[in-house]
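Q: I have a two-chain model open and want to talk through how it is put together. Can we go over it piece by piece?

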Amino acid sequence: MIGKDLKHLGNTDVLVGVKAEIGIPLEETPDCGGLQVTVECSPCAGPSYQGRSGEELGIELTKSLERYLKPGRSGKGGCVDLRALSIVSGRRCWILCIDALVLAADGSLLDALSITAKAALQDTRIPLVEVGATENPGEEPELELDDDPAHATQVDTSNIPVIITVSQAGRAYILDASSQEETCIDSAIQLAVDSSGAVCGLSKLGPSALNPAVLQEMMAMGQQQGPPLAEALDTFVKSSASLMQQ
Amino acid sequence: MNREVPSVPFNEGDRPKEVLKGGTRLDGRGFEVFRNVFMKPGTLSQAAGSAYAEFGNTKVIAGVYGPRESERKEAFSTEGRLQCDVKLASYSRRERKAFGQNDEERELSAQMQTALEAAVRLHTFPKANVDIYCLVLESAGSDLAVCICAASLALADAGIEMEDMVSACSVSRVDGHLLLDPTMDEAYREDGSALLAMMPSANAVAQVVLTGQWSNAQASEVLQLCMGGCAQIDAYMRQCLKEAAA
């Protein structure tokens, strides 16, 4: 039911936990489960994260992460297949809660968060649920949880992208900028890339405007990094899982 | 007041399941056609500059105040600051919006700020603040694009120096078709979306947001479509300013 993971990206440390809860699906999407993201920035992560500004940054990161993971209001287009999380259509579903904590911030926060969230989701096990038969349709369905971990199902993470921030300083493009480097950046793009290198989301950051040709170049650079990063993450998660079993 | 009970709209018809009937949009528009666009600068008497913008039923009013002293205590800066605040009126949608800023408004504000910071020449008002307030009177799709257009027109009305006017438009992908300037119903059925804020004369991208999975060909197709849309809006905005000045 739970997965968690700790990632270090340079001096950036984030911790992500995933929990699954049984809840009621949204009226608009009765056949879909739910996905909830929260990012908290601990004040010990850096002097600028005290009080309100930490809270605001947390909300900003939450929204960006949600944008890349969650499907639109139609339930289509997301990277986590929420339909697999349905238990009884319109009545009960699994809700995945992805809770992230920023322990130390040294640039490329969203990159670290997305990588860690993907790893944590790969590690997540959802217990098998048996739905008892109900005679009349108005009755609440009776659910029986199978607590044998061998019967638990995994979340399909093959389509989940990782976020790569490509920063632009003058005529150079930088990957994985540290917080020191982030202070002298003209603009940056956050690019969500899946394991095949396809774009799953994009957003611009930073105060300067970008020439469309430069934007395309930066996108291409980010896309190149997607497949090797996804592969490295995959082998890392698999090796740590086999270590756990031993 | 009990916050647990969501407000139920009096007239709640279901949102249409199909927004493309026989290859046309529900309102009869072509795929690459805007709704009726109307803009008027100088609508608020108290603001340094203001504008009203309407794309179909989406109605936004924007006011610009400043350059003026910052109300919050902030560190010294040789550049001016831009502060954006997007607010959705509590009656702007079917469901009543609860009091106070919610996460969606925060995200809209942050994205608008990125778009406008790229255009405004911040060094022309060091130490001072320019505040931009956008109020969405009716939210009927493409809200952020309309907000950015209204704010940009209000900035021009206030005489704040900009590199170029910023115009914006959004696109929804429904069943593989790219729909320019989507309505709320269309946005509910999308599996991918794009927002582009451009400075057409400077040929620079001020903000870009993509959600959903995009192939390389489709990503450049949607950016091209948005660029064309932005150029149309830009021409209209310039004409509005000239008419207001005449």
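A: A word on contact to begin with: two residues count as touching if their C-beta atoms, placed from the backbone, lie within 7 Å. In that sense α2(A) lies across β10 and β12 of chain A, and runs at about 165° to β10(A). Keep in mind that this is a predicted model.

Q: Which sheet do β10 and β12 of chain A belong to, and what is the strand order?
A: They sit in an open sheet of 8 strands, ordered β11(A)-β10(A)-β12(A)-β13(A)-β11(B)-β10(B)-β8(B)-β9(B), with antiparallel pairing.

Q: What's at the edges there?
A: β11 (172–175) of chain A and β9 (177–180) of chain B. Each has a single partner strand, so one side of each has no neighbour in the sheet.

Q: And how much are neighbouring strands turned against each other?
A: By 20° on average, direction ignored.

Q: How many bridges join β13 of chain A to β11 of chain B?
A: 4 bridges, between β13 (residues 199–205) of chain A and β11 (residues 204–214) of chain B, and the two strands run antiparallel.

Q: Which residue in β11(B) is the bridge partner of Leu202(A)?
A: Leu210(B). Val199(A) has Trp214(B) as its bridge partner in β11(B).

Q: Now the whole contact between the chains. How many residues of each are in contact?
A: 29 residues of chain B are in contact with 24 residues of chain A.

Q: Which elements of chain B supply that side?
A: α1, β10 (192–199) and β11 of chain B each supply at least two residues. The largest share comes from β11(B), with 11 residues.

Q: How does the chain B side divide into nonpolar, polar and charged?
A: Into 13 nonpolar, 9 polar and 7 charged residues.

Q: Back to the helices of chain A. At what angle do the axes of α1 and α2 cross?
A: At roughly 50°, and the axes come within 11 Å. The helices are α1 (residues 51–69) and α2 (residues 109–122) of chain A. α1(A) and α2(A) are therefore oblique to each other. The crossing is right-handed.

Q: Which residues meet in that contact?
A: From α1(A), Leu61(A), Ser64(A), Leu65(A) and Tyr68(A); from α2(A), Leu109(A), Leu110(A), Leu113(A), Ser114(A) and Ala117(A). The residues of this contact divide into 7 nonpolar, 2 polar and no charged.

Q: What about α1 and α2 of chain B, how do their axes cross?
A: The axes of α1(B) and α2 (residues 143–158) of chain B come within 10 Å and cross at roughly 45°. α1(B) and α2(B) are therefore oblique to each other. α1(B) passes α2(B) in a right-handed crossing.

Q: Which residues meet between α1(B) and α2(B)?
A: Leu108(B), Gln111(B), Met112(B), Ala115(B) and Leu116(B) of α1(B) meet Asp143(B), Leu144(B), Cys147(B), Ile148(B), Ala151(B) and Ser152(B) of α2(B). The contact has 8 nonpolar, 2 polar and 1 charged residue.

Q: What is the strand order in the open sheet of 5 strands in chain B?
A: β3-β4-β5-β7-β6, with mixed pairing. The edge strands are β3 (37–41) and β6 (81–88), and each pairs on one side only. Neighbouring strands of this sheet are turned by 15° on average, direction ignored. α1 (residues 103–117) of chain B packs on this sheet and touches β6 and β7 (129–138) of chain B, with its direction at about 140° to that of β6(B).

Q: In which sense do β3 and β4 of chain B pair?
A: Antiparallel, over 5 bridges, with β4 spanning residues 49–55. Pro41(B) stands opposite Ala51(B) in β4(B).

Q: Last topic: what does UniProt list for chain A?
A: An unreviewed UniProt entry lists "domain: Exoribonuclease phosphorolytic" at residues 8–127 and 159–224 of chain A. Residues 159–224 of chain A are 26% helix and 39% strand, with end C-alpha atoms 16 Å apart.

Q: And where does UniProt place the feature in chain B?
A: At residues 34–161 and 164–224 of chain B, again from an unreviewed entry. Residues 34–161 of chain B are 24% helix and 32% strand, and their end C-alpha atoms lie 28 Å apart. For residues 164–224 of chain B the figures are 23% helix, 51% strand and 19 Å between the end C-alpha atoms.

Conventions
Residues are numbered from 1 along each chain as its sequence is written. Chains are lettered from A and ligands numbered from 1 in the order in which they are written. This is a predicted model: local features need pLDDT of at least 70, side-chain atom pairs count only at pLDDT 80 or more; totals for chains, interfaces and linings use all residues. Two strands pair if DSSP finds at least two bridges between them. Axes are lines fitted to C-alpha atoms, for helices over the stretch in contact, and angles run from 0 to 180 degrees between N-to-C directions. Angles under 35 degrees count as roughly parallel, over 145 as roughly antiparallel, 65 to 115 as roughly perpendicular and the rest as oblique. A crossing is left-handed if the near helix is turned anticlockwise from the far one by less than a right angle, and right-handed if clockwise. Ala, Val, Leu, Ile, Met, Phe, Trp, Tyr, Cys and Pro count as nonpolar, Asp, Glu, Lys and Arg as charged, and the others, Gly among them, as polar. UniProt positions are given in the numbering used here, feature names are shortened, and annotations may be inferred rather than shown by experiment.
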